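Please find below my notes on the structure you asked about. They are set out as numbered points, to be read with the model in view.

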Amino acid sequence: MSLSDQDLEKLGAVLEKMLLEDENITTRNIIARLPKLFRHPTDIARPPAIRELYLAAKERQENIRLAAAKLKDSKNTLAAKIETQAQKIASLEADLQLLVASHKAMYAAVGEMGALKAWLAFFERHQDSLDALTRLQAVPTRTSPKKTKP
């Protein structure tokens, strides 16, 4: 069986449409779409030009489906990683809040014991650390000490 160039173009258009609609490319489905051109599966499978179009479209469909499956898997994997990272961030934020509260309590305890001057003296040598603690709001804001008159 040999097809005219116009009929080969029709077949190519039908195969493209089947690809776009994700319809399984089988000889029977092609026959259903082009009943005037083909009556039997062998009408598609035997002639070299027709067979070549058919097999090329089938291979493209397999590649498209494989790529789509990989994309879906990678989306699911990415979503799982994002969820894991979000949980880790939430846990770290909770830990930070606990450490800040603990540090404030320790600062207050040191102040009550009268050792605040020594504590501040240590941090004078580590101003960057003191600045970071201030940014985290882990130390009370500094106010100038009230001077009492003798």
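1. A salt bridge here is a side-chain nitrogen of Lys or Arg within 4 Å of a carboxyl oxygen of Asp or Glu. Arg33 and Glu21 form such a pair, with their closest N and O atoms 2.6 Å apart. Arg33 belongs to helix H2 and Glu21 to the loop between H1 and H2, so this pair ties together parts that are 12 residues apart in sequence. The model is a predicted one, and what follows should be read with that in mind.

2. How exposed are the two partners? Arg33 is partly exposed, with a relative accessible area of 28%. Glu21 is also partly exposed, at 44%.

3. The search of the whole structure gives four salt bridges. In another of them, Arg60 pairs with Glu16, and the closest N and O atoms are 2.4 Å apart. Since Arg60 lies in helix H4 and Glu16 in helix H1, the pair ties together parts that are 44 residues apart in sequence. Arg60 is partly exposed, with a relative accessible area of 40%, and Glu16 is partly exposed as well, with 35%.

4. Asp22 forms a salt bridge with Arg65, and here the closest N and O atoms are 2.8 Å apart. Distant parts of the chain are linked by this pair: Asp22 is in the loop between H1 and H2, while Arg65 is in helix H4, 43 residues apart. Both are partly exposed: the relative accessible area is 47% for Asp22 and 32% for Arg65. Through salt bridges that share partners, Glu21, Glu23 and Arg33 are joined into one network.

5. Now to H1 itself. This helix has 16 residues, and the distance from its first C-alpha to its last is 22 Å, close to the 22 Å expected at 1.5 Å a residue. The buried residues in H1 are Asp7, Leu11, Val14, Leu15, Met18 and Leu19. Why do they lie on the same side of H1? Around the axis they cover an arc of only 140°, which puts them on the same side.

6. Which parts of the structure do the buried residues of H1 pack against? Their packing partners are H2 and H4. On the face of H1 turned away from the buried side are the exposed residues Asp5, Gln6, Glu9 and Leu20.

7. The largest nonpolar core has 16 residues, of which Leu11, Leu15, Ile25, Ile30, Leu34, Phe38 and Ile44 touch the most other members. At least two residues of this core come from each of helix H1 (5–20), helix H2 (27–33) and H4. H1 supplies the largest share, five residues. Apart from this core lies another, of nine residues, including Val100, Tyr107, Trp119 and Val139.

8. Leu15 can be followed in more detail. With its neighbours within four places in sequence left aside, Leu15 is in contact with Ile25, Ile30, Leu53, Tyr54 and Ala57. In general terms, nonpolar side chains in soluble globular proteins tend to be buried together.

9. Is Gln61 buried or exposed? Gln61 is buried, because its relative accessible area is 6% and the limit for that term is under 20%. The residue is found in helix H4 (residues 48–112). A polar atom of the Gln61 side chain lies 3.0 Å from the backbone nitrogen of Ile25. Beyond its neighbours within four places in sequence, Gln61 is in contact with Met18, Leu19, Asp22, Glu23, Asn24 and Ile25.

10. Between the C-alpha atoms of Arg28 and Glu62, which are 34 residues apart along the chain, the separation is 17 Å.

Terms used:
Residues numbered from 1 in each chain as written. Predicted model: local features only at pLDDT ≥ 70, side-chain atom pairs only at ≥ 80, totals over all residues. Heavy atoms only, no water. Helix = DSSP H or I, 4+ residues; strand = E, 2+ residues; numbered from the N terminus. Buried < 20%, exposed > 50% of the residue type's maximum accessible area, 1.4 Å probe, protein only. Polar contact = N/O pair within 3.5 Å; in protein donor to acceptor, adjacent residues only side chain to side chain. Contact = heavy atoms within 4.5 Å. Core = buried A, V, L, I, M, F, W, Y, C linked by side-chain atoms within 4.5 Å. Expected span 1.5 Å × (residues − 1). Arc of directions from axis to C-beta.
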